[in-house]
Amino acid sequence: MNAWKRAVVKVGSNLLAPDGKALKKENLLKVAALITRLRARGRELILVSSGAVAAGRARLRQDSLGKQSVAGKQALAAIGQAQLMAAWAPFFDVPCAQVLLTHDDLSNRRRYVNAQNTLRALLDLGSLPIINENDSVAVEELKLGDNDNLAAHVAVLVEADLLIILTDIDALYDADPRKVPSAKRIAEVSAITPEILALAGGSGSSVGTGGMRTKIEAASKASARGIATVLCHGSDEQALAMLAQDENPGTWFHPATSRISARAHWLRHGLKAQGQIEIDAGAARALGQQGASLLPVGVRAVDGQFRAGDCVDIVSVGAAPVARGLVQFDAQDLRKIMGRNTQDIEGLLGDTTPAEVIHRDDMVLL
Ligand SMILES: Nc1ncnc2c1ncn2[C@@H]1O[C@H](COP(=O)(O)OP(=O)(O)O)[C@@H](O)[C@H]1O
Ligand SMILES: N[C@@H](CCC(=O)OP(=O)(O)O)C(=O)O
(Lines give C-alpha, C1' and ligand atoms only; values in the text may rest on other atoms or scores of the structure.)
(Ligands and ions follow the chains in the order given, each with its own letter.)
Protein backbone atom coordinates (compact mmCIF):
# COMPACT_ATOMS: atom_id res chain seq x y z
CA MET A 1 0.00 0.00 0.00
CA ASN A 2 3.02 2.27 0.13
CA ALA A 3 3.40 3.41 -3.47
CA TRP A 4 0.69 6.03 -3.55
CA LYS A 5 1.21 9.74 -4.10
CA ARG A 6 -2.27 11.27 -4.16
CA ALA A 7 -5.37 10.19 -2.20
CA VAL A 8 -8.94 11.27 -1.69
CA VAL A 9 -10.12 10.84 1.91
CA LYS A 10 -13.89 10.53 2.36
CA VAL A 11 -15.38 11.09 5.79
CA GLY A 12 -18.99 10.03 6.24
CA SER A 13 -21.91 11.62 8.04
CA ASN A 14 -21.98 8.86 10.62
CA LEU A 15 -18.48 9.69 11.74
CA LEU A 16 -18.70 13.46 11.61
CA ALA A 17 -22.14 13.77 13.16
CA PRO A 18 -23.16 10.46 14.74
CA ASP A 19 -26.41 11.87 16.13
CA GLY A 20 -27.21 13.82 12.94
CA LYS A 21 -27.56 17.04 14.94
CA ALA A 22 -24.05 18.30 15.59
CA LEU A 23 -20.48 17.83 14.41
CA LYS A 24 -18.33 15.66 16.64
CA LYS A 25 -15.16 17.80 16.75
CA GLU A 26 -13.10 15.04 18.29
CA ASN A 27 -13.62 12.92 15.16
CA LEU A 28 -12.77 15.80 12.85
CA LEU A 29 -9.53 16.28 14.77
CA LYS A 30 -8.53 12.62 14.33
CA VAL A 31 -9.08 12.78 10.57
CA ALA A 32 -7.24 16.08 10.33
CA ALA A 33 -4.29 14.59 12.23
CA LEU A 34 -4.14 11.71 9.73
CA ILE A 35 -4.19 14.11 6.77
CA THR A 36 -1.49 16.27 8.34
CA ARG A 37 0.73 13.22 8.95
CA LEU A 38 0.31 12.01 5.40
CA ARG A 39 0.97 15.47 3.97
CA ALA A 40 4.14 15.71 6.02
CA ARG A 41 5.31 12.59 4.17
CA GLY A 42 4.87 14.32 0.82
CA ARG A 43 1.47 12.89 -0.05
CA GLU A 44 -1.21 14.98 -1.75
CA LEU A 45 -4.64 14.84 -0.10
CA ILE A 46 -8.15 15.89 -1.02
CA LEU A 47 -10.87 15.66 1.59
CA VAL A 48 -14.49 14.82 0.76
CA SER A 49 -16.48 15.79 3.82
CA SER A 50 -20.14 15.16 4.60
CA GLY A 51 -21.84 16.83 7.54
CA ALA A 52 -23.32 20.05 6.12
CA VAL A 53 -26.92 19.17 6.93
CA ALA A 54 -26.03 18.09 10.48
CA ALA A 55 -23.96 21.23 11.02
CA GLY A 56 -26.91 23.31 9.79
CA ARG A 57 -29.18 21.59 12.30
CA ALA A 58 -26.71 22.31 15.06
CA ARG A 59 -26.43 26.00 14.11
CA LEU A 60 -30.22 26.38 14.14
CA ARG A 61 -30.42 24.32 17.32
CA GLN A 62 -32.88 21.97 15.64
CA ASP A 63 -33.18 18.97 17.84
CA SER A 64 -35.52 16.87 15.81
CA LEU A 65 -34.42 14.71 12.89
CA GLY A 66 -38.00 14.84 11.61
CA LYS A 67 -38.84 14.95 7.92
CA GLN A 68 -37.73 18.12 6.15
CA SER A 69 -38.97 19.56 2.88
CA VAL A 70 -36.41 19.49 0.05
CA ALA A 71 -35.97 23.27 0.25
CA GLY A 72 -35.68 23.05 4.04
CA LYS A 73 -32.87 20.51 3.77
CA GLN A 74 -31.14 22.57 1.09
CA ALA A 75 -31.32 25.58 3.37
CA LEU A 76 -29.87 23.56 6.25
CA ALA A 77 -27.01 22.47 3.99
CA ALA A 78 -26.31 26.08 2.98
CA ILE A 79 -26.11 27.19 6.62
CA GLY A 80 -24.20 24.09 7.67
CA GLN A 81 -21.63 24.14 4.87
CA ALA A 82 -20.17 27.38 6.24
CA GLN A 83 -20.11 25.83 9.71
CA LEU A 84 -18.46 22.71 8.35
CA MET A 85 -15.61 24.64 6.74
CA ALA A 86 -15.19 26.71 9.89
CA ALA A 87 -14.97 23.48 11.90
CA TRP A 88 -12.26 21.94 9.70
CA ALA A 89 -10.06 25.00 9.15
CA PRO A 90 -8.49 25.34 12.66
CA PHE A 91 -7.20 21.76 12.46
CA PHE A 92 -4.92 22.50 9.49
CA ASP A 93 -1.99 24.83 9.09
CA VAL A 94 -2.53 25.04 5.32
CA PRO A 95 -5.36 26.92 3.61
CA CYS A 96 -8.58 24.93 3.24
CA ALA A 97 -10.38 25.37 -0.08
CA GLN A 98 -14.12 24.72 -0.34
CA VAL A 99 -15.24 23.07 -3.59
CA LEU A 100 -18.91 22.16 -3.99
CA LEU A 101 -19.82 19.92 -6.90
CA THR A 102 -23.07 18.80 -8.48
CA HIS A 103 -23.78 16.00 -10.90
CA ASP A 104 -23.76 18.57 -13.74
CA ASP A 105 -20.12 19.31 -13.01
CA LEU A 106 -19.32 15.67 -13.70
CA SER A 107 -21.61 15.08 -16.70
CA ASN A 108 -20.79 18.24 -18.63
CA ARG A 109 -17.37 17.71 -20.18
CA ARG A 110 -16.38 21.40 -20.08
CA ARG A 111 -17.31 21.77 -16.43
CA TYR A 112 -15.56 18.48 -15.66
CA VAL A 113 -12.30 19.69 -17.18
CA ASN A 114 -12.73 23.03 -15.45
CA ALA A 115 -13.19 21.38 -12.03
CA GLN A 116 -10.16 19.22 -12.79
CA ASN A 117 -8.02 22.28 -13.53
CA THR A 118 -9.19 24.05 -10.37
CA LEU A 119 -8.40 21.04 -8.18
CA ARG A 120 -4.96 20.66 -9.76
CA ALA A 121 -4.27 24.35 -9.15
CA LEU A 122 -5.37 24.00 -5.50
CA LEU A 123 -2.99 21.06 -5.00
CA ASP A 124 -0.17 23.01 -6.68
CA LEU A 125 -0.82 25.83 -4.20
CA GLY A 126 -0.37 23.38 -1.33
CA SER A 127 -3.92 23.91 -0.08
CA LEU A 128 -6.32 21.24 1.14
CA PRO A 129 -9.40 21.00 -1.10
CA ILE A 130 -12.47 20.10 0.97
CA ILE A 131 -15.29 18.86 -1.23
CA ASN A 132 -18.96 18.25 -0.66
CA GLU A 133 -21.97 17.93 -2.92
CA ASN A 134 -23.54 21.32 -3.57
CA ASP A 135 -26.67 20.26 -1.69
CA SER A 136 -28.26 23.71 -1.66
CA VAL A 137 -28.63 23.87 -5.46
CA ALA A 138 -28.47 20.24 -6.58
CA VAL A 139 -31.70 19.09 -8.20
CA GLU A 140 -33.12 16.23 -6.15
CA GLU A 141 -33.53 13.73 -9.03
CA LEU A 142 -30.01 14.36 -10.29
CA LYS A 143 -28.26 14.32 -6.92
CA LEU A 144 -25.46 11.91 -6.24
CA GLY A 145 -26.88 11.88 -2.71
CA ASP A 146 -24.16 9.92 -1.01
CA ASN A 147 -20.61 11.17 -0.72
CA ASP A 148 -19.04 7.76 -1.37
CA ASN A 149 -19.86 7.97 -5.06
CA LEU A 150 -18.89 11.65 -5.09
CA ALA A 151 -15.50 10.75 -3.59
CA ALA A 152 -14.94 8.11 -6.28
CA HIS A 153 -15.72 10.66 -9.00
CA VAL A 154 -13.30 13.08 -7.37
CA ALA A 155 -10.60 10.39 -7.17
CA VAL A 156 -10.99 9.79 -10.90
CA LEU A 157 -11.12 13.53 -11.61
CA VAL A 158 -7.83 14.25 -9.83
CA GLU A 159 -6.22 10.99 -10.98
CA ALA A 160 -5.61 9.83 -7.41
CA ASP A 161 -3.89 6.53 -6.67
CA LEU A 162 -5.95 5.81 -3.57
CA LEU A 163 -9.44 6.38 -2.18
CA ILE A 164 -9.66 6.23 1.62
CA ILE A 165 -13.20 5.77 2.98
CA LEU A 166 -13.50 6.53 6.69
CA THR A 167 -16.74 5.38 8.26
CA ASP A 168 -18.22 4.08 11.52
CA ILE A 169 -17.39 0.43 10.94
CA ASP A 170 -13.96 -1.19 10.80
CA ALA A 171 -14.31 -3.13 7.53
CA LEU A 172 -16.58 -4.70 4.97
CA TYR A 173 -18.28 -7.82 6.38
CA ASP A 174 -19.97 -10.67 4.56
CA ALA A 175 -23.29 -9.38 5.96
CA ASP A 176 -24.35 -6.25 7.84
CA PRO A 177 -22.89 -6.89 11.33
CA ARG A 178 -25.62 -4.78 12.91
CA LYS A 179 -28.11 -7.37 11.74
CA VAL A 180 -25.96 -10.51 11.61
CA PRO A 181 -23.65 -10.60 14.64
CA SER A 182 -21.73 -13.61 13.27
CA ALA A 183 -20.77 -11.72 10.08
CA LYS A 184 -17.15 -12.17 9.02
CA ARG A 185 -14.66 -9.46 8.22
CA ILE A 186 -13.27 -9.25 4.70
CA ALA A 187 -9.72 -7.89 4.61
CA GLU A 188 -9.19 -7.88 0.87
CA VAL A 189 -11.38 -7.72 -2.22
CA SER A 190 -9.54 -8.56 -5.40
CA ALA A 191 -12.45 -7.95 -7.79
CA ILE A 192 -15.77 -6.22 -7.19
CA THR A 193 -18.22 -8.78 -8.47
CA PRO A 194 -22.04 -8.76 -8.22
CA GLU A 195 -21.58 -11.20 -5.28
CA ILE A 196 -19.49 -8.61 -3.42
CA LEU A 197 -22.11 -5.92 -4.12
CA ALA A 198 -24.79 -8.24 -2.77
CA LEU A 199 -23.04 -8.38 0.63
CA ALA A 200 -23.80 -4.75 1.27
CA GLY A 201 -26.72 -3.52 3.27
CA GLY A 202 -27.98 0.02 3.63
CA SER A 203 -26.89 2.53 6.21
CA GLY A 204 -26.87 1.37 9.81
CA SER A 205 -28.29 4.68 10.98
CA SER A 206 -30.68 7.44 10.00
CA VAL A 207 -27.70 9.76 9.50
CA GLY A 208 -25.61 8.01 6.86
CA THR A 209 -26.67 7.76 3.23
CA GLY A 210 -26.27 4.57 1.27
CA GLY A 211 -24.49 2.35 3.78
CA MET A 212 -21.99 -0.21 2.54
CA ARG A 213 -23.54 -0.50 -0.90
CA THR A 214 -22.50 2.99 -2.00
CA LYS A 215 -19.02 2.34 -0.58
CA ILE A 216 -18.62 -0.76 -2.74
CA GLU A 217 -20.00 1.15 -5.74
CA ALA A 218 -17.42 3.84 -5.07
CA ALA A 219 -14.62 1.28 -4.82
CA SER A 220 -15.81 -0.22 -8.10
CA LYS A 221 -15.81 3.13 -9.91
CA ALA A 222 -12.32 3.90 -8.59
CA SER A 223 -11.04 0.42 -9.37
CA ALA A 224 -12.12 0.68 -13.03
CA ARG A 225 -9.65 3.58 -13.40
CA GLY A 226 -6.83 1.77 -11.61
CA ILE A 227 -7.42 3.38 -8.20
CA ALA A 228 -7.28 1.26 -5.02
CA THR A 229 -9.73 1.82 -2.15
CA VAL A 230 -9.21 1.25 1.55
CA LEU A 231 -12.14 1.32 3.98
CA CYS A 232 -11.80 1.49 7.76
CA HIS A 233 -13.08 2.99 10.99
CA GLY A 234 -12.35 6.71 11.02
CA SER A 235 -12.34 7.31 14.75
CA ASP A 236 -10.30 4.28 15.82
CA GLU A 237 -6.82 5.60 16.69
CA GLN A 238 -5.18 2.29 15.91
CA ALA A 239 -6.76 2.06 12.47
CA LEU A 240 -5.74 5.62 11.67
CA ALA A 241 -2.18 4.92 12.85
CA MET A 242 -2.03 1.92 10.52
CA LEU A 243 -3.25 4.04 7.61
CA ALA A 244 -0.56 6.59 8.35
CA GLN A 245 1.97 3.73 8.12
CA ASP A 246 0.54 2.58 4.78
CA GLU A 247 -0.95 -0.55 6.31
CA ASN A 248 -4.45 -1.87 5.66
CA PRO A 249 -6.51 -1.55 8.84
CA GLY A 250 -9.83 -2.59 7.30
CA THR A 251 -10.77 -3.70 3.80
CA TRP A 252 -8.51 -3.22 0.81
CA PHE A 253 -10.14 -3.16 -2.66
CA HIS A 254 -7.60 -3.86 -5.36
CA PRO A 255 -7.61 -1.73 -8.50
CA ALA A 256 -8.75 -3.49 -11.68
CA THR A 257 -5.93 -5.12 -13.61
CA SER A 258 -6.99 -3.51 -16.89
CA ARG A 259 -8.25 0.01 -16.44
CA ILE A 260 -10.79 1.59 -18.77
CA SER A 261 -10.03 4.88 -20.56
CA ALA A 262 -10.98 8.19 -18.98
CA ARG A 263 -13.61 8.74 -21.70
CA ALA A 264 -15.14 5.29 -21.24
CA HIS A 265 -15.25 5.90 -17.47
CA TRP A 266 -16.98 9.22 -17.99
CA LEU A 267 -19.56 7.64 -20.32
CA ARG A 268 -20.15 4.79 -17.90
CA HIS A 269 -20.20 6.58 -14.58
CA GLY A 270 -20.29 10.34 -15.14
CA LEU A 271 -23.56 10.52 -17.05
CA LYS A 272 -27.16 9.71 -16.24
CA ALA A 273 -29.13 7.93 -18.96
CA GLN A 274 -32.02 10.01 -20.32
CA GLY A 275 -33.74 7.05 -21.97
CA GLN A 276 -33.41 3.51 -23.27
CA ILE A 277 -32.97 1.94 -26.67
CA GLU A 278 -33.95 -1.69 -27.03
CA ILE A 279 -31.97 -3.60 -29.63
CA ASP A 280 -32.43 -6.98 -31.33
CA ALA A 281 -30.22 -10.05 -30.92
CA GLY A 282 -28.21 -9.34 -34.08
CA ALA A 283 -27.35 -5.83 -32.92
CA ALA A 284 -26.45 -7.14 -29.45
CA ARG A 285 -23.97 -9.56 -31.07
CA ALA A 286 -22.54 -6.84 -33.33
CA LEU A 287 -21.99 -4.52 -30.35
CA GLY A 288 -20.69 -7.15 -27.95
CA GLN A 289 -18.53 -9.26 -30.24
CA GLN A 290 -17.60 -7.16 -33.26
CA GLY A 291 -17.08 -3.73 -31.72
CA ALA A 292 -19.69 -2.27 -34.09
CA SER A 293 -21.61 1.01 -33.87
CA LEU A 294 -25.38 0.82 -33.33
CA LEU A 295 -27.32 1.26 -36.59
CA PRO A 296 -31.05 2.09 -36.93
CA VAL A 297 -31.81 -1.37 -38.32
CA GLY A 298 -31.02 -3.06 -34.97
CA VAL A 299 -33.28 -0.80 -32.88
CA ARG A 300 -36.59 -2.37 -31.78
CA ALA A 301 -37.98 0.18 -29.36
CA VAL A 302 -37.23 3.63 -27.97
CA ASP A 303 -38.13 4.67 -24.47
CA GLY A 304 -37.95 8.23 -23.13
CA GLN A 305 -37.77 11.76 -24.53
CA PHE A 306 -34.05 12.23 -25.01
CA ARG A 307 -32.34 14.67 -27.37
CA ALA A 308 -29.46 14.12 -29.78
CA GLY A 309 -26.24 14.22 -27.70
CA ASP A 310 -27.86 12.74 -24.57
CA CYS A 311 -26.66 9.60 -22.86
CA VAL A 312 -28.93 6.55 -23.23
CA ASP A 313 -28.82 2.96 -22.08
CA ILE A 314 -28.87 0.19 -24.67
CA VAL A 315 -30.83 -2.86 -23.56
CA SER A 316 -31.05 -6.22 -25.22
CA VAL A 317 -34.61 -7.61 -25.41
CA GLY A 318 -35.84 -8.20 -21.88
CA ALA A 319 -32.38 -7.88 -20.32
CA ALA A 320 -30.36 -5.45 -18.25
CA PRO A 321 -28.47 -2.64 -20.05
CA VAL A 322 -25.66 -4.02 -22.22
CA ALA A 323 -24.08 -0.70 -23.19
CA ARG A 324 -24.58 3.03 -23.00
CA GLY A 325 -23.57 5.91 -25.15
CA LEU A 326 -24.29 9.29 -26.69
CA VAL A 327 -27.20 9.05 -29.10
CA GLN A 328 -27.13 10.98 -32.40
CA PHE A 329 -30.92 11.39 -32.77
CA ASP A 330 -33.77 12.90 -30.79
CA ALA A 331 -36.08 10.14 -29.50
CA GLN A 332 -38.92 11.17 -31.82
CA ASP A 333 -36.67 11.00 -34.91
CA LEU A 334 -35.24 7.67 -33.85
CA ARG A 335 -38.77 6.24 -33.61
CA LYS A 336 -39.27 7.14 -37.29
CA ILE A 337 -36.18 5.28 -38.51
CA MET A 338 -35.85 2.37 -36.09
CA GLY A 339 -35.73 -1.05 -37.74
CA ARG A 340 -34.90 0.40 -41.15
CA ASN A 341 -31.87 -0.20 -43.32
CA THR A 342 -29.48 2.71 -43.68
CA GLN A 343 -30.28 3.24 -47.40
CA ASP A 344 -34.01 3.45 -46.59
CA ILE A 345 -33.72 6.27 -44.11
CA GLU A 346 -32.05 8.78 -46.43
CA GLY A 347 -34.37 11.70 -46.94
CA LEU A 348 -36.66 10.67 -44.07
CA LEU A 349 -35.06 13.12 -41.68
CA GLY A 350 -33.35 15.54 -44.08
CA ASP A 351 -30.04 15.30 -45.94
CA THR A 352 -27.52 15.12 -43.14
CA THR A 353 -28.77 12.14 -41.19
CA PRO A 354 -25.95 10.39 -39.29
CA ALA A 355 -25.44 6.77 -40.31
CA GLU A 356 -25.15 5.48 -36.73
CA VAL A 357 -27.62 5.78 -33.87
CA ILE A 358 -24.65 5.59 -31.48
CA HIS A 359 -21.12 5.69 -32.82
CA ARG A 360 -18.71 3.14 -31.38
CA ASP A 361 -16.42 5.91 -30.11
CA ASP A 362 -19.29 7.28 -28.04
CA MET A 363 -20.26 3.91 -26.54
CA VAL A 364 -19.13 1.81 -23.62
CA LEU A 365 -20.11 -1.82 -23.03
CA LEU A 366 -21.39 -2.57 -19.53
N1 LIG B 1 -21.74 -5.93 4.66
C2 LIG B 1 -21.56 -4.86 5.48
N3 LIG B 1 -20.37 -4.70 6.10
C4 LIG B 1 -20.17 -3.62 6.91
N5 LIG B 1 -21.09 -2.68 7.17
C6 LIG B 1 -22.30 -2.78 6.58
C7 LIG B 1 -22.59 -3.88 5.70
N8 LIG B 1 -23.83 -3.70 5.24
C9 LIG B 1 -24.32 -2.57 5.79
N10 LIG B 1 -23.41 -2.00 6.61
C11 LIG B 1 -23.65 -0.76 7.37
O12 LIG B 1 -23.05 0.37 6.69
C13 LIG B 1 -22.82 1.38 7.67
C14 LIG B 1 -21.90 2.47 7.15
O15 LIG B 1 -22.52 3.21 6.13
P16 LIG B 1 -23.19 4.66 6.35
O17 LIG B 1 -24.15 4.56 7.48
O18 LIG B 1 -23.74 5.14 5.05
O19 LIG B 1 -21.94 5.51 6.81
P20 LIG B 1 -21.24 6.87 6.30
O21 LIG B 1 -22.01 7.97 6.90
O22 LIG B 1 -19.86 6.73 6.84
O23 LIG B 1 -21.27 6.91 4.80
C24 LIG B 1 -22.29 0.59 8.83
O25 LIG B 1 -22.48 1.24 10.05
C26 LIG B 1 -23.06 -0.76 8.75
O27 LIG B 1 -24.12 -0.85 9.65
N1 LIG C 1 -23.83 16.16 1.42
C2 LIG C 1 -24.47 15.73 2.65
C3 LIG C 1 -24.02 14.37 3.07
C4 LIG C 1 -24.45 13.21 2.21
C5 LIG C 1 -24.22 11.93 3.01
O6 LIG C 1 -24.81 11.74 4.07
O7 LIG C 1 -23.28 11.10 2.55
P8 LIG C 1 -22.55 9.91 3.40
O9 LIG C 1 -21.50 10.55 4.20
O10 LIG C 1 -21.94 9.10 2.26
O11 LIG C 1 -23.50 9.15 4.23
C12 LIG C 1 -24.11 16.68 3.81
O13 LIG C 1 -23.06 17.33 3.75
O14 LIG C 1 -24.90 16.75 4.76
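Some ground rules. Residues are numbered from 1 along each chain as its sequence is written, and chains are lettered from A and ligands numbered from 1 in the order in which they are written. Because this is a predicted model, local features need pLDDT of at least 70 and side-chain atom pairs count only at pLDDT 80 or more, while totals for chains, interfaces and linings use all residues.

Let's start inside. A residue is buried if 20 or more other C-beta atoms, placed from the backbone, lie within 10 Å of its own; 12 or fewer means exposed, and in between is partly exposed. A nonpolar core is a set of buried Ala, Val, Leu, Ile, Met, Phe, Trp, Tyr and Cys residues joined through C-beta atoms within 7 Å. The largest one here has 71 residues. Val8, Val9, Leu47, Ala151, Val154, Ala155 and Leu163 touch the most other members. Which helix gives the most to this core? Helix α7, residues 147–157, with seven residues. Helices are DSSP runs of H or I, at least four residues; strands are runs of E, at least two; both are numbered from the N terminus. There is also a second, separate core of 25 residues, including Trp266 and Val302.

Next, alanine 222. It lies in helix α9, residues 211–224. Is alanine 222 buried or exposed? Buried, because it has 30 C-beta neighbours inside 10 Å. Contact means C-beta atoms, placed from the backbone, within 7 Å. Beyond four places in sequence, alanine 222 contacts Ala152, Ala155, Val156, Leu163, Ile227 and Thr229. Its C-alpha atom is 9.3 Å from that of valine 154, 68 residues apart along the chain.

Now a helix pair. Helix α2 (25–40) and helix α10 (237–244) pack at about 15°, axes 10 Å apart. Axes are lines fitted to C-alpha atoms, for helices over the stretch in contact, and angles run from 0 to 180 degrees between N-to-C directions. So α2 is roughly parallel to α10; the cut-offs are under 35 degrees for roughly parallel, over 145 for roughly antiparallel, 65 to 115 for roughly perpendicular, and oblique for the rest. Lys30, Leu34, Arg37 and Leu38 of α2 meet Leu240, Leu243 and Ala244 of α10.

Last stop, helix α3, residues 52–59. Seven of its eight residues are buried. Their cover includes α1, α4 and β4. After α3 comes arginine 61, with a positive phi near 55°.

Notes:
Two residues are in contact if their C-beta atoms, placed from the backbone, lie within 7 Å.
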